[in-house]
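Hello,

I am handing over the structure we talked about. Please open it first, then read my notes below.

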Amino acid sequence: MKNAFEELEFNKVKALISSHCVSPLGERLVENLAPLSDKALVEKKLSELQDVFNYLEQSHHFAISGLGDTERFFDYFSRYKQFNIDELLMFGNNIRIANRLKKDRDISPENFPELHSITSALVDMKEIESRFDKIFDAAGEIKDTASPILSSIRKNKLKTRKRIYSELESILEKKDYENVIQEKVVTFRDERYVIPVREGGVTQMKGIVHGRSKTGASFYVEPLSVMELNNSLNTLSEEEKQEIHRILTDLYNELKDHKEGLAQNLAVLQKVDFLNACARYCRSIHAHVPLIIKDTQLSLKNARHPLLFNSIKDPKNIIPFSLHIGDEFRGIVISGVNTGGKTVTLKATGLLTMMALSGLMIPVEESQVGMFTSFFTDINDEQSIEDSISTFSSHIKKLNAIFVGADDSSLILIDELGTGTDPEEGAAFAQSVMEALIAKKSKVIITTHLNKLKIFASEHPLCENASMRFDQEKLQPTYQLDLGFPGNSYALDIAKEYHSPENIVARARELIDQKSLQLSELLKKTEQQRIHLSQKLYEFDLMNKLLEQQLESLNKKEQNWKQIEKELKQKALQESDEYLSELRREFDHEIDELKKQFKTENRIEHNRVHDVKNRISKERSLIEKKKDALSDIEFVPATELSAGKEVYIKSLNLVGKVQSVKKNTARVLAEGLIYSVKKSDIYEIPKGVEHGDHKEDMDISVHADIDHDFAFELNLMGLTFDEARIELDKYIDKAILLNYPKVRILHGKGTGQLRRKIREHFKNDRRIKDYRSAPLQEGGDGVTVVLLM
């Protein structure tokens with residue numbers, strides 16, 4: 001009797017994964033794949049696999065080809081004194097792979113934290129790798145440079161061999177032996193270099209015979225003149241074997257000294273081989289990472305059977321299905337036509353759940369997989385002629401095992417429950433089975449053609465119908481699953497389509513129980529209505545998407561309009577500022593004229609000053625109104641003025657704190673000065689305007705009719721002192737003319753040169769009463785506060 005793993009074909013999935021392994025090491029881990037009961041462990045394995053999956057997705061690859069299975073050799077270290085060359089070469093190749101993987105810079109902790117955690121456990125064995133490279137060449141042969149002694153021996157062997165060849169070739173060329181020598185070649189017999197000699201010429205050539213050819217026509221003779229040289233060569237060969245044995249023994253002992261590190265590296269390489277194979281397989285089935293949840297629930301959205309990717313060339317042709325169980329209901333009854341995909345859907349559901357809980361990614365767009373700890377299936381027909389067990393009896397044996405083992409964390413999948421016996425009794429038994437398993441809180445999915453089970457699913461509060469969609473016009477299955485609707489078998493319709501005699505089909509309809517016939521017709525009508533509803537839903541979704549696209553397009557246009565409006569506003573504000581600057585230049589010109597008058601006549605025409613000020617103020621007021629209209633900032637007049645309230649002085653662009661309130665004015669402390677401001681110029685603080693500390697530096701008051709076109713701060717940053725001095729003198733003149741007691745000069749910190757020269761200039765200026773650095777929170781040494789006479 002097959003178990004759930006066999007019936008759901010989990011072993012086929014493992015075989016496909018194993019095909020991507022490069023060694024038996026990875027294959028053994030694949031063979032051990034099975035659903036886990038520890039949620040944290042499942043999530044850990046999925047996290048590791050996702051890292052490797054992403055690593056491959058970014059066009060990286062693991063250079064682990066040729067990984068050798070040396071696992072069994074670790075037990076040999078205590079029993080054997082030596083490994084053969086092939087075994088040593090296997091160790092050397094694994095060392096080389098581990099070292100290469102350890103220094104792979106693409107595996108960074110930032111991009112692949114889980115993979116980096118795995119490979120960081122590799123022990124660096126560069127020295128042993130260098131030892132292998134010194135001993136073996138690329139073909140696995142021992143190099144002459146493996147040791148100085150071996151190098152010397154091989155050089156001597158080469159020299160001796162050349163002397164032997166030289167001597168034997170000279171003999172071959174002697175005319176005395178022309179009729180004696182069978183063939184002018186030097187050959188090798190019994191570890192000796194010899195010459196083939198005819199049978200009758202053996203007595204003429206002095207030497208030792210080392211055998212006869214197969215034909216008997218030649219004898220292999222070692223001339224006495226090369227006997228000593230052959231002896232020397234054999235001695236050197238023996239010394240070479242001994243030296244090689246010593247070299248390999250030393251290498252073996254070095255591996256033995258590092259066997260713990262070698263074993264650790266092998267475990268890492270085995271895991272990498274396994275994860276690489278899993279990731280490559282998951283890529284081939286377009287898999288995603290499932291979300292593992294604690295509750296025994298299952299939700300699959302657009303799921304595909306993983307084994308169909310091997311039989312269907314284009315994955316787009318694999319029809320996805322969606323279902324959920326364990327949240328609203330514990331049982332699903334799937335009905336529909338034969339070959340409509342019921343069994344495939346049933347098996348896919350179980351297989352995907354097994355894969356997810358084994359730490360594998362699955363071909364499902366979105367999924368939530370609960371911690372099912374047991375799987376029970378009854379899918380394949382296991383009728384046995386030998387045991388005289390009928391189909392129904394085979395089902396009963398499996399169901400008995402399910403009743404014993406099922407609990408609230410079981411996933412149970414049963415194909416054609418209640419078949420193989422009388423339909424009435426089978427349906428009754430099947431309903432009883434469903435009720436019992438649902439009562440155990442198991443999650444049960446069955447397939448059926450029995451109408452009574454469809455009725456049961458529609459009436460039971462913890463059970464739901466599902467059906468495989470069927471095209472009634474073409475009389476073909478579509479292989480799509482619809483949750484919430486029972487399906488019809490369409491047996492007589494299909495029989496008619498396949499040209500069964502009309503009288504037989506008609507008689508069959510007469511024989512069907514009237515209630516069953518009515519139910520069948522009701523299911524057909526329901527299917528038609530469901531198709532119509534699905535079409536309407538599709539049209540609604542399509543229309544909704546089109547509306548969303550149009551709305552998005554309108555939003556983009558609105559953003560573009562806002563951007564254009566913003567640019568126009570900015571341009572208008574810029575033009576206003578330029579016009580205001582022109583007015584200020586006119587004002588500066590008037591000031592210069594008044595200064596000249598003061599120097600020549602020692603008096604100032606105050607009426608003229610006021611006229612200029614009033615004209616500029618009017619123009620400025622008009623510009624301010626225009627700027628307010630263009631501004632995105634909303635200015636709200638301040639209400640309920642009282643001492644301590646923070647307010648915004650719009651004309652000065654300052655935030656201050658009210659000190660006292662009179663009938664039409666208020667005294668406001670801002671940036672160390674107390675201003676007497678008209679209430680009409682006081683506003684609530686706009687959004688985005690920073691608040692500051694309002695500390696009174698000294699008892700200085702500024703009257704409300706201040707010149708708003710004059711800033712209390714002069715910015716000289718970026719200028720040379722010669723450039724700054726001109727602007728500074730004009731600024732101080734204007735401030736004194738307007739009776740300002742205090743101003744701020746912004747020069748920045750930088751190297752301190754500009755600040756030093758400005759302050760030296762102030763020392764010799766009789767207009768300056770005092771100066772000092774601004775408070776730290778107001779600019780510190782980057783600002784000089786100037787008190788005027």
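Start with Glu 191, which counts as exposed at 52% relative accessibility. Keep in mind that this is a predicted model. Glu 191 is in the loop between strand 1 (187-189) and strand 2 (192-198). Its backbone stands out. Glu 191 is not a glycine, yet its phi is positive, at about 65 degrees. Most residues other than glycine have a negative phi.

Asn 302 also has a positive phi, near 55 degrees, and is a residue other than glycine. Asn 302 sits in strand 6 (residues 298-303). Its relative accessibility is 23%, so Asn 302 counts as partly exposed.

Next, Arg 105. This residue is in the loop between helix 5 (85-102) and helix 6 (113-119). Arg 105 counts as exposed, at 79% relative accessibility. From Arg 105 to His 116 is eleven residues in sequence. In space, their C-alpha atoms are 9.8 Å apart.

The largest nonpolar core holds 98 residues. Ile 17, Phe 62, Phe 91, Phe 132, Leu 255 and Met 355 have the most contacts inside this core. Helix 10 (residues 259-284) gives the largest share, twelve residues. Another core lies apart from this one and has 31 residues, including Val 647, Ala 670, Leu 716 and Tyr 740.

What does Ile 17 touch, leaving out residues up to four places away in sequence? The partners are Val 30, Leu 33, Ala 277, Cys 278, Tyr 281 and Leu 360.

On to the cysteines. How many disulfides are there? The count is zero. A disulfide is a covalent bond between the sulfur atoms of two cysteines. The cut-off used here is 2.5 Å between the sulfurs. For Cys 21, the closest cysteine sulfur is in Cys 278, 7.2 Å away, so the two are too far apart for a bond. Cys 21 is buried, at 12% relative accessibility. Cys 463 is buried as well, with a relative accessible area of 6%.

Last, the surface. Leu 542, Met 543, Leu 546 and Leu 547 make up a nonpolar patch there. Together they have about 370 Å² of accessible area. Leu 547 belongs to helix 18 (residues 514-601). With 46% relative accessibility, Leu 547 counts as partly exposed.

That is the tour. Write back with any questions.

Best wishes

Technical notes
Residues numbered from 1 in each chain as written. Predicted model: local features only at pLDDT ≥ 70, side-chain atom pairs only at ≥ 80, totals over all residues. Heavy atoms only, no water. Core = buried A, V, L, I, M, F, W, Y, C linked by side-chain atoms within 4.5 Å. Buried < 20%, exposed > 50% of the residue type's maximum accessible area, 1.4 Å probe, protein only. Helix = DSSP H or I, 4+ residues; strand = E, 2+ residues; numbered from the N terminus. Contact = heavy atoms within 4.5 Å. Patch = residues over 30% accessible without salt bridge, like charges linked within 9 Å, V, L, I, M, F, W, Y side chains within 5 Å. Areas by Shrake-Rupley, 256 points an atom, 1.4 Å probe, with all protein chains shown as cover. Salt bridge = Lys/Arg side-chain N within 4 Å of Asp/Glu carboxyl O.
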